Every structure is written in C-alpha cells, then in structure tokens.
Amino acid sequence: MVATRVAFTGTHSTGKTTLIQRVEMELRATGLTVARTPASFAQQAAELGFPKLHKQSPECTEWIIAASATAVAEATLNADIVLIDRSAVDPLAYYMAALERSGQEPDTKAVGGLVSLVHAHAATYDFLFATVLNPALPLGDCRDRDPDYRAAVDRNVHSLIHSLDLPHQKITSADDEGNAVSTLVERITAKAAS
C-alpha cells in the first residue's frame, strides 16, 4: 500500500499544529498507522548556521525543502498516512516574504530552482490544506512578532499555491474545528482505503 500524503501549509500561528494533532488523533483512532513530519526544519537549518526568517537565503530555503522531502519519503516506509507539518510551499513563502520585507529583488535563477523543487515535491501530496491568516488571533509563544512579516508569508503562501495551480482546501479560523477535522479525516480515510 502506498502511503497517503497529507500536507498542511500556512504562516505561523494559524492553527496548523493544533489541526494536525487533532487529525492525527482521529486517524489513529481508525486503526491507521500515522507518521508526522516535524515542523522544526527551519530551526534545524538555523542550528546548522543558515539564516532564517527575515534573513532567509535561497540555500536555507533549498535545505528546508530537501530535508522535508527526505523526512516524508522516510515516513512512507512505515505509515498508511503521512501528515506533513509545513508543506514545501512554506519555506519558499518565508523566503519571498523576507525579500519583500527587506526590499530586495529576488535572484530569478535561485527562485526558479526553488519553485521547481516546491512543485516537484507538492505534486506528491494527496491533499494540501492551507490555513488562512486571521490577524486577530494571538501569536503562539516563541514566534516572530512582526505582523507585517506574518501577513507577507500568508500572502506568499496563497500566491504560490495559486501560481503553481496546486489543488488545496483552505481552512479558516472561522471554520468549526470539530467539523473541519471530521471532514478532513473522512476525506483522508476514504483515499487511504482506495
């Protein structure tokens, strides 16, 4: 059986991790084997010495996308469902937001290569769920506190999804979380059973 790949994307503090935890719990209750990739690749990149957030580089972005792709592939070895906490879109959206906020022009060759990586990896997703920023919601602990940067990441996430023509479902903070989780779980288990 081929593992079903379920990716979640969106700027920080939009409810991705909470949503993933709920979906994971519900999927496990059905008896499916669920693996979840860590959301900490940006932190791992920083520990290696790559600049992140407002100073994120093309090389850092490439490393995060590649590390996530590797983790997803490894997770498929032992799981029916792989939940991807931060899709390949996210690192590129953060990089583009950093450029936007600093007023720098993107290196078209670097961005073109990164877009190709994102597109190749995102093509393996069976589902892509995109959270939508609600600026009224409070930021989580240890999060970047720049609301303009957070909004720029959100704009870039949704712009990239649109420009890459990635099939996805938007999840807003207005969605009833219980119903949203039930709907997601139904769709994922139906795909896994097919």
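These legends describe close-up views of a predicted model. Local features need pLDDT of at least 70, side-chain atom pairs count only at pLDDT 80 or more, and totals for chains, interfaces and linings use all residues. Residues are numbered from 1 along each chain as its sequence is written, and side-chain values use heavy atoms, with hydrogens and water left out.

**View 1. An open sheet of five strands has the order β2-β3-β1-β4-β5**. Its pairing is parallel. Strands (E, at least two residues) and helices (H or I, at least four residues) are DSSP runs, numbered from the N terminus. Two strands pair if DSSP finds at least two bridges between them. The edge strands are β2 (34–36) and β5, each pairing on one side only. From one strand to the next, the twist averages 20°. Angles run from 0 to 180 degrees between N-to-C directions, and axes are lines fitted to C-alpha atoms, for helices over the stretch in contact.

**View 2. Strand β2 runs parallel to strand β3 (residues 81–85)**. Three bridges join β2 to β3. Ala 35 stands opposite Val 82 in β3.

**View 3. Strand β4 (residues 127–131) is largely enclosed by the rest of the structure, because five of its five residues are buried**. Buried means under 20% relative accessible area, exposed over 50%, and partly exposed in between (1.4 Å probe, protein chains only). Both faces of β4 are covered. Phe 127, Phe 129 and Thr 131 are buried on one side. Leu 128 and Ala 130 are buried on the other. Strand β1 (residues 4–9) pairs with β4 in the parallel sense over four bridges. The bridge partner of Thr 9 in β4 is Ala 130. Strand β5 (residues 169–171) also pairs with β4 in the parallel sense, over three bridges. Here Phe 129 stands opposite Gln 169 in β5.

**View 4. Helices α1 and α3 lie across strands of the sheet**. Helix α1 (residues 16–29) lies across β1, β2, β3, β4 and β5. Its direction is at about 170° to β3. Helix α3 lies across β1, β2 and β3, running at about 160° to β3. Contact means heavy atoms within 4.5 Å.

**View 5. Helix α3 (residues 58–75) crosses helix α5 (residues 108–122) at roughly 15°**. Their axes come within 10 Å. The two helices are therefore roughly parallel to each other. Angles under 35 degrees count as roughly parallel, over 145 as roughly antiparallel, 65 to 115 as roughly perpendicular and the rest as oblique. Pro 58, Thr 61, Glu 62, Ile 65, Ser 68, Ala 69 and Val 72 in α3 meet Ala 110, Leu 114, Leu 117, Val 118 and His 121 in α5. By class, this contact of α3 with α5 has eight nonpolar, three polar and one charged residues. Ala, Val, Leu, Ile, Met, Phe, Trp, Tyr, Cys and Pro count as nonpolar, Asp, Glu, Lys and Arg as charged, and the others, Gly among them, as polar.

**View 6. Helix α4 (residues 89–102) packs on helix α6 (residues 147–163) at an angle of about 125°**. Their axes are 8 Å apart. That angle makes α4 oblique to α6. Residues of α4 in the contact include Leu 92, Met 96 and Arg 101. Among those they meet in α6 are Tyr 149, Val 153 and Leu 160. By class, the contact of α4 with α6 has 13 nonpolar, one polar and four charged residues.

**View 7. Ser 159 is found in helix α6**. Ser 159 counts as partly exposed, at 42% relative accessibility. Its C-alpha atom is separated by 25 Å from that of Thr 4.
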